[in-house]
Structure formats: C-alpha cells, structure tokens
There are 2 protein chains.
Amino acid sequence: MIGVRAAVEVKPDNIQEFIAIAQELVEASRQETTNISYDFGKLADSETSFAFIERWEDQKALDQHMQTSHFTGAVAAWEKHLAAPLDVEIYTF
Amino acid sequence: MIGVRAAVEVKPDNIQEFIAIAQELVEASRQETTNISYDFGKLADSETSFAFIERWEDQKALDQHMQTSHFTGAVAAWEKHLAAPLDVEIYTF
C-alpha cells in the first residue's frame, strides 16, 4: 500500500475557491477502484495550510490517479489559488 | 474526522530497532475502537525518513490515543533512535 500526504499552502483570499475544487477532487478520487482512502482537510492552528491524506493499493494506482481528468483538471484549476507549490510525500506501507 | 501525519527521522544505524517499535505501535493502535486507520511506512527515495499516517474519529480519540501505554511506551522506547524530534501535522477532515 502507498500513503500520500500532499500539503498545500493557499492564498488567504482564495480559500473558498480552493476548497470547492479540492472537495470535487476528493469525491471523484474516492470512486477510483484502487483508492483505499482519500481525505482533505485544514492543518490545525492554520487558516491557509491544507493537505490531502491518501492511501492507494500501490504505486501503479497512484500513477493512474495522477493521469485522471479529475486530478489534472483540479491541479490546473487550483494553480492560481496556491501560495506555494504542492509539497508531496509518498510513503510505502 | 482527524488526520495525522507524524514524520520521523531515524538515525541510520538504528532503523531496524525503530521499525520494530513502530510496528508494535501500529498493531496496538489499530485495536483502539476510535481508530479509523493507522499506517506506518518509509518515505520514497529515503532510507531514514518514515511517517505514521493515521485517521481518528475526532480529536478526543487522538488525545486518548496519546495517553495509552502503547503510545507512551513507544515514544519512550524510540527516543534514542531518532535523529530529530517527531514532526506532527494534524488535519481536520
């Protein structure tokens, strides 16, 4: 199994727009058969730091996820809302 | 729901000892009724960086977890194996 923590720093004025895009990505990603869990939330004690915490069957499942239209579409849509690049950590469980 | 990413930097010579402690903690933590998932693994492209990726019903569940003997015992046991303090991020899903 593969675990992902993808941390996001959002521009203070763009938080609602970002959350809307993120929630759509969560719903679509959870439908992928190789997804084990996919969650999104705000970092404690912060208003602008968020993360996706994900678990996938294996690396191939994650690679396929990153080719989906819902993932590539979300990444394109939220680009203008980010204050820093996505900080992604991938773990092998 | 609460998500936790607790990152750990382990001394290069202490990895096997640390992994043994971590795996015991995983087994015990998964038995807690308020735990949703509890995983442990190595960061991609690293030999010394690991993380626990956890999901709990709520903050109270996480607080209770951190009072358990298996958690406090693991933290005490792995202290000498760490190259840096635990880096904990808590997310509200």
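Buried, in these notes, means under 20% relative accessible area, exposed means over 50%, and partly exposed lies in between. The model is a predicted one.

**Entry: A:Asp39 and its partners**

I began with A:Asp39. At 3% relative accessibility, A:Asp39 falls under the 20% limit and therefore counts as buried. I then looked up which side chains pair with A:Asp39. Within the chain, A:Asp39 meets A:Arg30 in a salt bridge, at 2.9 Å from N to O. A:Arg30 has a relative accessible area of 40%, so I record A:Arg30 as partly exposed. Across to the other chain, A:Asp39 also forms a salt bridge with B:Arg55, where the closest N and O atoms are 2.8 Å apart.

**Entry: relation of the two chains**

I next asked how chain A is placed relative to chain B. The same surface serves both copies, since 100% of the contact residues of chain A recur in chain B.

**Entry: the interface**

How many residues does each chain bring to the contact? I find 19 residues from chain A and 19 residues from chain B. Between them the two chains bury about 1700 Å², and 61% of this area is on carbon and sulfur atoms.

For polar interactions, I note 8 residue pairs in polar contact across the interface of chain A and chain B. On the side of chain A that touches chain B, the elements giving two or more residues are β1, β2 (35-43), β3 (49-56) and β4 of chain A. The largest share of that side comes from β2(A), with 6 residues. By class, the residues of that side of chain A divide into 11 nonpolar, 3 polar and 5 charged. The count of salt bridges between chain A and chain B is 4.

**Entry: the salt-bridge network**

I then turned to salt bridges over all chains, of which the structure holds 12. One of them joins the side chains of A:Asp87 and A:Arg5, at 3.0 Å from N to O. This pair links distant parts of the chain: A:Asp87 is in strand β4 (residues 87-92) of chain A, and A:Arg5 is in strand β1 (residues 2-9) of chain A, 82 residues apart. A:Asp87, at 39% relative accessibility, counts as partly exposed, whereas A:Arg5, with a relative accessible area of 4%, is buried.

A further salt bridge pairs A:Glu89 with B:Arg5, the closest N and O atoms being 2.6 Å apart. A:Glu89 lies in strand β4 of chain A and B:Arg5 in strand β1 (residues 2-9) of chain B, so this pair joins two chains. Are A:Glu89 and B:Arg5 buried or exposed? I record both A:Glu89 and B:Arg5 as buried.

I asked which residues are linked with these pairs in a network of salt bridges. The network comprises A:Arg5, A:Asp87, A:Glu89, B:Arg5, B:Asp87 and B:Glu89.

**Entry: loop residues**

I looked up A:Thr34 in the loop between α1 (15-30) and β2 of chain A. At 17% relative accessibility, A:Thr34 is under the 20% limit and so counts as buried. Leaving aside residues up to four places away in sequence, A:Thr34 touches A:Trp56, A:Glu57 and A:Ala61.

A:Asp45 is found in the loop between β2 and β3 of chain A. Its phi is near 65°, a positive value in a residue other than glycine. With a relative accessible area of 83%, A:Asp45 is exposed. In chain B, B:Asp45 is placed in the loop between β2 (35-43) and β3 (49-56). Phi of B:Asp45 is near 60°, again a positive value in a residue other than glycine. B:Asp45 has a relative accessible area of 83% and is exposed.

How values were computed. Residues numbered from 1 in each chain as written. Chains lettered and ligands numbered in written order. Predicted model: local features only at pLDDT ≥ 70, side-chain atom pairs only at ≥ 80, totals over all residues. Heavy atoms only, no water. Contact = heavy atoms within 4.5 Å. Helix = DSSP H or I, 4+ residues; strand = E, 2+ residues; numbered from the N terminus. Buried < 20%, exposed > 50% of the residue type's maximum accessible area, 1.4 Å probe, protein only. Buried area = accessible area lost by both parts, 1.4 Å probe. Polar contact = N/O pair within 3.5 Å; in protein donor to acceptor, adjacent residues only side chain to side chain. Nonpolar A, V, L, I, M, F, W, Y, C, P; charged D, E, K, R; others polar.
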